[in-house]
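Okay, hi everyone, thanks for coming. Have a look at the picture, and then we'll start.

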Amino acid sequence: MTEKKNKDAFSSNFGMIAAAIGSAIGLGNLWRFPYLVGQNGGAAFILVYLIITLLLCTPILLSEMVIGRRGGGSPRGAYVKVTGRKGWGVAGILGMLTCFMIMSFYVVVGGWTIRYLVMSIAPGFHRGAQIDSAAVFSGFVGSNVSPIVYSLIFILLTIGIINLGVQKGIEKTSKLMMPLLFVLIVLIGIRSVTLPGAGAGLDYLFKPDFSQFNFDSLLAALGQSFFSLSLGACMMVTYGAYTPKSSNLTKNAAIITVSDTFFALLAGCAIMPAVFAFGINPSEGAGLVFVTLPQIFTQMPLGGLCAILFFVTLFLAAISSAVSLFEVMTSTIMDMGKARRKTASAITAAILLFTGSICSLSQGALRGITIGGKNIFDQFDYVSSNILMTLGGLLAVICVGWVIGKKTFTDEITAGGTIRVPRTLASVLFFIIKYVAPIVIVTTAISSIF
Ligand code: TRP
């Protein structure tokens with residue numbers, strides 16, 4: 001048992017970075033970010049998003065890393081160990097629950113990406129075929145069996161990676177997939193910005209229009225930053241535990257944030273110019289990548305190829321994030337139930353197949369069932385993104401700022417004094433973690449209720 005545990009570690013610092021970027025870059029970047037930008041005044045949103053991500057969310061990411069590497073083991077064990085109090089284990093269990101809720105709808109959308117990838121490869125999807133992509137999309141997601149089958153395929157692929165373990169599964173696939181993702185999105189971006197009329201899309205992305213930006217946009221930017229960096233769900237606590245003791249956590253946190261944000265911007269450049277070139281309203285909402293883009297692909301030169309590249313990108317981004325969500329649950333079950341990796345992952349998969357199916361059916365046969373005016377799928381998204389992740393982030397910063405304290409924090413980010421981190425930087429980071437982050441999280445949470 002203990003021997004097995006030792007194998008649960010990344011082989012190098014680069015492996016850790018690749019895996020964390022793999023978790024961060026996901027549907028959030030390609031699916032959520034572009035339509036939030038579209039709905040909230042373009043560059044104004046991007047600007048605020050950048051500030052929040054850099055100044056607020058990077059220190060929160062760092063807090064999770066510190067807890068994970070200092071504590072080790074599963075998130076629950078890590079919280080108990082760093083605080084010396086059993087009660088704090090709740091924070092780890094909450095993280096697992098959050099991942100479970102995110103994953104329940106994530107596997108459904110992951111299934112959609114596989115379906116669209118298959119469709120884009122099949123002949124007839126492009127070459128000017130006038131498809132009613134809105135009808136295709138709603139017909140597919142509203143049916144009862146096929147989306148669940150695709151979700152199952154997505155779950156099985158994820159479990160395949162998880163069962164190979166941390167090094168051979170998570171680390172190796174991330175190292176392969178992440179560079180590929182960047183190459184793919186740049187290729188699509190080049191095609192998109194060279195379309196006639198693409199300039200309007202770039203203007204839209206990079207010229208701020210604060211008249212479209214309001215308090216809700218601010219909340220959306222904060223929520224998106226949390227979601228995109230996989231914060232507040234113990235992802236980084238889990239991966240922190242697998243991180244080499246000599247790694248420079250501050251630098252890693254910065255690299256992960258910058259890469260994730262850069263990728264989101266690239267995704268914006270790949271999507272918005274094409275949307276504008278074809279005269280489509282950019283505030284389409286969640287249907288943007290599954291309805292609007294397929295329509296564009298059918299009309300644009302090289303559209304068939306772009307469709308395949310795009311859905312490969314979407315799929316790879318989705319599965320590498322799903323792996324991290326899955327790993328949080330698996331490691332917690334391994335720890336709490338003293339279970340082997342394969343047993344724990346099988347339990348995780350079985351539960352997810354059930355809840356994923358319910359989320360999927362809530363767009364079809366169970367459409368009539370709503371909780372607080374939202375169907376089950378939207379409710380899972382809402383509760384996890386707006387309540388649980390915020391709470392998880394708050395617990396992480398309180399744990400580091402108020403329980404672990406500055407001395408231990410500094411010791412961890414300097415790896416016991418072996419890494420040089422400028423003293424002012426350490427103080428500023430700790431100040432943000434101890435005061436700024438809790439105040440911002442609590443005030444936005446309270447004001448979003450009213
Ligand atoms: N960050 C991922 C995305 O952008 C989603 C994600 C993966 C996530 N793991 C997470 C979100 C853990 C919160 C917590 O799509």
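One term before anything else: a pocket here is an open set of grid points with protein on both sides within 12 Å along at least five of seven lines, whereas a cavity is a set of points where a 1.4 Å probe fits but cannot get out. Also keep in mind that this is a predicted model.

H17 gives the largest share, with 10 residues. If you sort the pocket lining by class, you get 21 nonpolar, 10 polar and five charged residues.

Now for the cavities. Searching the whole structure turns up five of 30 Å³ or more. The largest cavity holds about 140 Å³ of space. It has 17 lining residues, and closest to its centre are Ser-23, Ile-102, Phe-227, Ser-230 and Leu-325. At least two lining residues each come from helix H2 (13-24), H3, helix H6 (89-121), H11 and helix H15 (303-336). And how many charged residues does this lining have?

Okay, on to the ligand. Where is it? The ligand takes up the space of the largest cavity. Around the ligand are 16 residues, and the closest are Ala-24, Gly-28, Tyr-106, Phe-227 and Ser-230. H2, H3, H6, H11 and H15 each put at least two residues into this shell. By class, the shell has eight nonpolar, eight polar and no charged residues.

Let's zoom in on some atoms. Ser-230 has a polar side-chain atom 2.9 Å from a nitrogen atom of the ligand. At Leu-27, a polar backbone atom is 3.0 Å from an oxygen atom of the ligand. With Asn-29, the side chain has an N or O atom 3.5 Å from a ligand oxygen. And how much of the ligand does the protein cover? On its own the ligand has 350 Å² of accessible area, and the protein covers 100% of that.

Note on methods:
Residues are numbered from 1 along each chain as its sequence is written. This is a predicted model: local features need pLDDT of at least 70, side-chain atom pairs count only at pLDDT 80 or more; totals for chains, interfaces and linings use all residues. Side-chain values use heavy atoms; hydrogens and water are left out. Helices (H or I, at least four residues) and strands (E, at least two) are DSSP runs, numbered from the N terminus. Ala, Val, Leu, Ile, Met, Phe, Trp, Tyr, Cys and Pro count as nonpolar, Asp, Glu, Lys and Arg as charged, and the others, Gly among them, as polar. On a 1 Å grid over the protein atoms alone, a cavity is a set of points where a 1.4 Å probe fits but cannot get out, and a pocket is an open set with protein on both sides within 12 Å along at least five of seven lines; lining residues have an atom within 4 Å of a point. Grid points are joined across faces, edges and corners, and a volume is the space filled by probe spheres set on the points. A residue is near a molecule or strand if one of its heavy atoms lies within 4 Å of it. A polar contact is a pair of N or O atoms within 3.5 Å; within protein, one must be able to donate a hydrogen and the other to accept it, and residues adjacent in sequence count only if both atoms are side-chain atoms. Accessible areas come from the Shrake-Rupley method with a 1.4 Å probe; for residues, only the protein chains shown count as cover. A molecule sits in a cavity or pocket if more than half of its atoms lie within 2 Å of its grid points.
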